[in-house]
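Student: I would like to go through this model one feature at a time. Please start with the order of its elements.

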Amino acid sequence: DTRPTRRPLAWNGGTDIGLLLLRLGVGGATFAHGAQKVFGLWGGPGIAGFANNLAGFGYQQATTLSWVTGVTELVAGAFLVVGLFTPLAAAAVLAIMINAVLLKLGNGFFVTGPRGGDAIEYSGLLGLGAACLVMTGPGRIALDNGRAWHRRPASWGVLALVIGVAAAVLVYVLLRRPVVA
């Protein structure tokens, strides 16, 4: 055998810190949005205001959906920050962001564009960050360290990704009726 001996691919501390920062960013922003929806903090609409927004987009059962969305953002955001049940928490965030992006598709990409905060840039970025966490797992600086989805993130990630995308599609297709202007 004339091939050179190569060092085996190993996990490194830089990856763990990068995943921690990604979890803090995606989880923290998601938790804050959940607090806006559920408690009306930081100028948020609260449950009633968010339910009105959802009804305006054509969602049925808007009050129930606003509670489910707000509480899911709170719990999933907190779980991402501490790295607990990371694939499922990230898949929940991904499902919410898929719906947010689908609703804003015609509004342009950039937040600083003509429609302001109704663009897909922010929701798309949070969704992609969540998808990254679904597929990579939490890293070693997490409460999930040593669990099955930490040791084999790709296989668990695919399962969580399917769950998240399926949830997003089901909510969008089954609970939304197109708004006729």
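Tutor: From the N terminus on, the protein chain runs α-α-α-α-α-α-α. That is seven helices and zero strands. Helices (H or I, at least four residues) and strands (E, at least two) are DSSP runs, numbered from the N terminus. This is a predicted model, in which local features need pLDDT of at least 70 and side-chain atom pairs count only at pLDDT 80 or more, while totals for chains, interfaces and linings use all residues. Residues are numbered from 1 along each chain as its sequence is written, and side-chain values use heavy atoms, with hydrogens and water left out.

Student: What percentage of the residues in the protein chain is buried?

Tutor: Buried means under 20% relative accessible area, exposed means over 50%, and partly exposed lies in between (1.4 Å probe, protein chains only). Here, buried residues make up 39% of the 181 residues.

Student: How should I check the length of a helix, say α1?

Tutor: The expected span is 1.5 Å times one less than the number of residues. Helix α1 (residues 13-39) has 27 residues and should span 39 Å; its end C-alpha atoms are 37 Å apart, which agrees. For α7, with 22 residues, the distance from first C-alpha to last is 30 Å, close to the 32 Å expected.

Student: Which residues of α1 are buried, and what covers them?

Tutor: The buried residues of α1 are D16, L19, R23, V26, G27, A29, T30, G34, A35, K37 and V38. Their cover includes α2 (46-56), α3 (62-82), α4 (86-103) and α5. After α1 comes G40, with a positive phi near 75°.

Student: At what angle do α5 and α7 cross?

Tutor: Axes are lines fitted to C-alpha atoms, for helices over the stretch in contact, and angles run from 0 to 180 degrees between N-to-C directions. The axes of α5 (residues 121-136) and α7 (residues 153-174) come within 6 Å and cross at roughly 135°. That makes α5 oblique to α7; angles under 35 degrees count as roughly parallel, over 145 as roughly antiparallel, 65 to 115 as roughly perpendicular and the rest as oblique. Contact means heavy atoms within 4.5 Å. V134, M135 and T136 of α5 make the contact with P153, A154, G157, V158, A160 and L161 of α7.

Student: Where is F85?

Tutor: F85 is in the loop between α3 and α4. At 34% relative accessibility, F85 counts as partly exposed. The C-alpha atoms of F85 and D144 are separated by 6.6 Å, with the two 59 residues apart along the chain.
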